[in-house]
Amino acid sequence: MFLVILPAQVTTDLRQKCTESHTGTSASAPLAAGIIALALEAKVTSHPWIRVNLFRTASNASRRKQGDQNCTQSHSKNLTWRDMQHLVVRTSKPAHLSSKDWITNGVGRKVSHSYGYGLLNAGAMVELAKNWTNVGNQRKCVIVITSEPKDIGRRLEIRKTVDACLGTPNFIQSLEHVQARITLSFSKRGDLALYLTSPMGTRSILLPLRQRDYSSEGFTDWAFMSTHSWDEKATGEWLLELENISDQNNYGTLRQFTLVLYGTAAVTDDQVDPANVTLPANCKTLNFQHVCVECKDVYFLHQQSCVEDCPDGFYKGIIDGPLENNVVPPKVLACVSCHASCRTCNSFASTRCLSCLPHSRYNPAEMSCSPQLQVSRESPMEEEEVVEPLTVSHVPVWFALTICAFIIMVFFIIFIALQVRSGFQFGKVKVYTLQNGKGIISYKGISDSWKDGDLSESDCDEFDVEGQSERIAFIKKIQSVL
């Protein structure tokens, strides 16, 4: 909320020597305590009775007694810790502090996430404390913004317009600080950033990037606080932003977000007229804070209102009602929260899940949900690509027939070429090829005249010689071909 920056202070160290390296919070905190002490003293000594009694002599016992009574009266008007917060906010100044995150909040004050409201101003704080009127009692307004599971994805925004408990003793007109109580899960917590914007436009960084935070546990009802909207009005639209600020495919679920407002109101508690407070729809009983604690007929109490059906994350059950006159509390129909791992559950037990949150695996035997490993998770925000098996050929029929014809033709040509090379018979003519390229010769077989048995012996001898010569010549040619 504030910062004290000082030059190096000369003091003693642990080795009984002098040092000039005494800086940082070790030096600032004691000095800030000293400035606050001056403001407290200024408030006490500013009382007129105290100023007089400080200089009265102790000889007059009656007057000394009167001074003691006045001293006791003045202590009842001393500054409280909340008064000191108001004094610090109103008197601190940015001065020469350099930072890129200085902003102007809804009431015109400079504020920074690095330096708060700036440097303490001892003189201004003491002067303001002298005539300071104590602030009223602190009020607390609790508003459940959402309790239904919501997938964070790359970015999630939750907007809600609130009335700051208007019409109840907890109504807040002027803010002091605000809390965002959050329950969520996230695969890598350090990559998640949270921002809260007030109705007057002041944006607070609740959770910045943390590169060394590898936890996947998330947060359970964790209170993130901001004082940057000090003195702003609490009614209007509040905005919570959850952002995955890394390039990694992280996943998470926001389970609950509750806004808790702290501050004061211009009217006192006794100015709230109960006759002007109206019952919420289907509500049967209000408590002393004008909050619904019991519903009519078959309606179920849920977040200070009455509903017919419980939302996801809750089941229809029975809880203890308000305690009246120290008797046994009545039973009240209400929406009871399921276990943190369940999206929906049955009415027998909060741990008996009927369905699970995203990135969880359901066990039907045990009716429980368990988180998936990060490596096995798939993004619920991206559409899954369905790959269909190729059951029917999409190749054109004409192309297939052309390929088959070509294969048959190539096979036939190769067959003919092999037959021509090795020789084949065409009709009664034996056809051979020659390697010397002289063409094709034909062999017609044995002459018919050889088959004639009427030949003479001399003719036979002649034919034998000629036939033998011819056969020898033919065999030589065949051998040359082979």
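Predicted model: local features only at pLDDT ≥ 70, side-chain atom pairs only at ≥ 80, totals over all residues.
**Entry 1: conventions**

I number residues from 1 along each chain as its sequence is written, and side-chain values use heavy atoms, with hydrogens and water left out.

**Entry 2: strand β9**

I looked up β9, residues 192-197. Helices (H or I, at least four residues) and strands (E, at least two) are DSSP runs, numbered from the N terminus. For accessibility I use buried for under 20% relative accessible area, exposed for over 50%, and partly exposed for in between (1.4 Å probe, protein chains only).

Is β9 buried or exposed? I find 6 of the 6 residues buried, so the strand is largely enclosed by the rest of the structure. Both faces are covered. L192, L194 and L196 are buried on one side, and A193, Y195 and T197 are buried on the other.

Next I checked the pairing; two strands pair if DSSP finds at least two bridges between them. β9 runs antiparallel to β12 (residues 236-244), with 6 bridges joining the two. L194 has L242 of β12 as its bridge partner. β9 also pairs with β10 (residues 203-207), again in the antiparallel sense, over 4 bridges. Here L196 stands opposite S204. β9 and β10 form a hairpin with 5 residues between them. In the turn, I noted that G201 has a positive phi of about 90 degrees.

**Entry 3: salt bridges**

I count a salt bridge when a side-chain nitrogen of Lys or Arg is within 4 Å of a carboxyl oxygen of Asp or Glu. How many salt bridges does a search of the whole structure find? It finds 17.

R90 is partly exposed at 30% relative accessibility, whereas D231 is buried at 17%.

R343 and D312 make another salt bridge, with 3.7 Å between the closest N and O atoms. R343 lies in strand β20 (residues 342-345) and D312 in the loop between β17 (305-307) and β18 (314-320), so the pair ties together parts that are 31 residues apart in sequence. Both ends are partly exposed: R343 has a relative accessible area of 27%, and D312 has 32%.

I also logged D213 and R210, whose side chains meet in a salt bridge at 3.3 Å, N to O. D213 is buried, with a relative accessible area of 15%.

Which residues are linked in a network of salt bridges? I list R155, E157, R159, R203, E237, E241 and E243.

**Entry 4: disulfides**

A disulfide is a covalent bond between the sulfur atoms of two cysteines. I identify one as a pair of cysteine sulfur atoms within 2.5 Å. The structure holds 7, and I looked up details for some of them.

C295 and C306 are joined with an S to S distance of 2.1 Å. The torsion about their S-S bond is about -95 degrees, so the disulfide is left-handed. C295 is in strand β15 (residues 292-295) and C306 in strand β17, 11 residues apart. Both cysteines are buried.

C342 and C353 are joined at 1.7 Å, S to S. Their S-S torsion is about -55 degrees, so this disulfide is left-handed. C342 lies in strand β20 and C353 in strand β21 (residues 353-356), so the link ties together parts that are 11 residues apart in sequence. C342 is buried at 0% relative accessible area, and C353 is buried at 1%.

For C356 and C369 I find the sulfur atoms 1.9 Å apart. The link is left-handed, with -85 degrees about the S-S bond. C356 is in strand β21 and C369 in strand β23 (residues 368-371), 13 residues apart. C356 counts as buried at 15% relative accessibility, as does C369 at 12%.

**Entry 5: two further cysteines**

I also looked up the accessibility of C18 and C404. C18 is exposed, with a relative accessible area of 66%. C404 is partly exposed at 43%.
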